[in-house]
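Please look through the structure below before reading on.

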Amino acid sequence: MDGYNCVFNPLFRSKENRLTMGLPNASGDLSTEVEVDAFRRLFPLRFYEKHLLESIRPDARPLGRARETTIALGAVASANGSALAKIGSTTMLAAIKMEVMTPSLETPDEGCIAIDFHMPPICSPIVRPGRPAEAAPVVAKQLSDTILSSGMINLKELSLVSGKAAWMAYLDIYCLDADGALFDTALLSAVAAFSHLEIPVVSLNDDGKIVLSEEQGLSDREPVNKERRKINLSSIPFSLTCVLHKNYILADPTAEEESIMDTIVTVVLDSSSQLVSLHKPGGTVLAYTSAIQDCIALTRQRVKELQKILEEAISGMEVD
Amino acid sequence: MAAKPGSAPVTYSPNLGQKTRPPIFKDNDLDWVRPDGRGFHQCRPAFFRTGAVNSASGSAYAELGSTKVIVSVFGPRESKKAMMYSDTGRLNCNVSYTTFATPVRGQGSDHKEFSSMLHKALEGAIMLETFPKTTVDVFALVLESGGSDLPVVISCASLALADAGIMMYDLVAAVSVSCLGKNLVIDPVLEEESYQDGSLMLTCMPSRYEVTQLTFTGEWSTPEINEAMQLCLDACNKLGKVMRTCLKEAASASQE
């Protein structure tokens, strides 16, 4: 079991983190630790404000720092492209399945992308079977707006036979563990899944249907998409969510921070630092433009980090 | 073109036309090889790990070949308001599939049959009287379906329950056997399950040698049943040991 190479290994790292991190002011004495924990539960906002005065957060992060982030590509073999992204303990699994459709009359040489975001009951104590989480449709809409409007994917690349057949890319993102910054993690996993996506070689059979070339053994038949196995990703979007409280800006909030301080700002920038979307859905804090600018500056830094993490994940795959 | 569920056009998978042909069994066909090259009575290597989901009270991840599942346990927590008073605790189980779990894209809906089977397989092993008036929720998500899904979910769920500190008489290990012609193959993969003549699933508490669930489908003869049950019991014993090792490792890691 020790030598077993599991693609889901990044899933398991965080529990140790949680155990070793502890509270910055825990002195090892059990009685004070209990008091700290009780204080945290009874007066969560005051607990946080005491930390913020010291410019630190209960998990020992400075205010502007995001949690540890990992990406594992190719987690699901039954999909054409997949990725597992983890920010802190928030975990998302994204997978793409390619199917064939007849393109619409208005856009005969374009494919299509269908994006869905799921929060199954395993991810959080709040979600119960049959009662979907409120956050899920919000994140789903935000994701599909961001991915489709960022121009990351040229839908013309998904065309197979003009007017007859094109790819429909079903992108499904599952939240496996919800601990804040759901949109950031979901977008990261989606982007990673697209960069892992490998399009199967297909050809047109006698009935006018698209079939896999290798499986049918139709070596005489010319594949319709020989050169197009990978999708070109131009200007990849990355995001950072911040929580605003008084004059403080906390980057990459945990679920606890999101529930205590309810004003969030999500900024999406593409790889050349252009603004794709900015989302501040109300909240009790009315932000000055300077705060928004600070959020954008934090996001710009974060995009560089995320770009590097994604590049490392991709080059790691090529070595294998 | 922006995709919206509902207005989306009809699509099909390019590999739909391809159907695998079942092997033709004669009287002596022991030279037939399983798709993954295993022996007929050999299980896939099992990988278990607890603590996959931090927001749950307990959780476990299991991987056998390409079958991958996650189980989270929540509770014991307050039962639904509509529930009657109860001296013993309640167990609530749910099994669902991701849309990309199966070779052909599915709907990702709940699997009602598996949910109730999971409930019945675990019920006998849990000391329900230790959490009166409350409910323990066991939720499973099949990330990738590679055959023998239900047995993997059951084994994984019992590990997740142990991780959550729910009192049990023993871990529950589950194994299934497929009957293909005259052959019995243990721990079948998806392809084997698709052309099986019959199947048997046995879930048991290995150290107590007690069976919590036994299901048969299809055509079986008495000697075959005896052989299959013995195979399953042996495999459950071995699987139980692997699961126990996983728990011990997790416990020693958290002590450090």
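This is a predicted model: local features need pLDDT of at least 70, side-chain atom pairs count only at pLDDT 80 or more; totals for chains, interfaces and linings use all residues.

Residues are numbered from 1 along each chain as its sequence is written, and chains are lettered from A and ligands numbered from 1 in the order in which they are written.

Chain A has 320 residues, and 44% of them are buried. A residue is called buried if 20 or more other C-beta atoms lie within 10 Å of its own, exposed if 12 or fewer do, and partly exposed in between, with C-beta atoms placed from the backbone. The secondary structure of chain A consists of 8 helices and 12 strands. Helices (H or I, at least four residues) and strands (E, at least two) are DSSP runs, numbered from the N terminus. Two residues are in contact if their C-beta atoms, placed from the backbone, lie within 7 Å. Of the contacts in chain A between residues at least 6 apart in sequence, 69% join residues at least 24 apart.

The UniProt record, in an unreviewed entry, lists "domain: Exoribonuclease phosphorolytic" for residues 66–200 and 236–298 of chain A. UniProt positions are given here in the numbering of this model, feature names are shortened, and annotations may be inferred rather than shown by experiment. Residues 66–200 of chain A are 22% helix and 35% strand, with end C-alpha atoms 36 Å apart. For chain B, UniProt lists "domain: Exoribonuclease phosphorolytic" (unreviewed entry) at residues 42–166 and 170–231.

How many residues of chain B are in contact with chain A? There are 45, and they meet 52 residues of chain A. Among the elements that give two or more residues to this side of chain B are β1 (11–12), β6 (134–144) and α4 (222–255). The largest share, 4 residues, comes from β6(B). By type, this side of chain B divides into 22 nonpolar, 18 polar and 5 charged residues. Here Ala, Val, Leu, Ile, Met, Phe, Trp, Tyr, Cys and Pro count as nonpolar, Asp, Glu, Lys and Arg as charged, and the others, Gly among them, as polar. Strand β3 (residues 90–101) of chain A and β1(B) run antiparallel and are joined by 2 bridges; two strands pair if DSSP finds at least two bridges between them. In this pairing, Val100(A) stands opposite Tyr12(B).

A nonpolar core is a set of buried Ala, Val, Leu, Ile, Met, Phe, Trp, Tyr and Cys residues joined through C-beta atoms within 7 Å. The largest one has 158 residues, of which Val71(B), Leu118(B), Val138(B) and Val153(B) touch the most other members. Strand β6 (residues 165–177) of chain A gives the most to this core, with 11 residues. Leaving out residues up to four places away in sequence, Val153(B) touches residues including Val71(B), Phe114(B) and Leu118(B).

Some backbone details remain. Gly75(B) and Pro76(B) are joined by a cis peptide bond, with omega about 5 degrees, and Pro76(B) is in strand β4 of chain B. Ser55(A), which is not glycine, has a positive phi near 55 degrees. Ser55(A) lies in the loop between α3 (44–53) and β1 (69–73) of chain A, and is exposed, with 10 other C-beta atoms within 10 Å.
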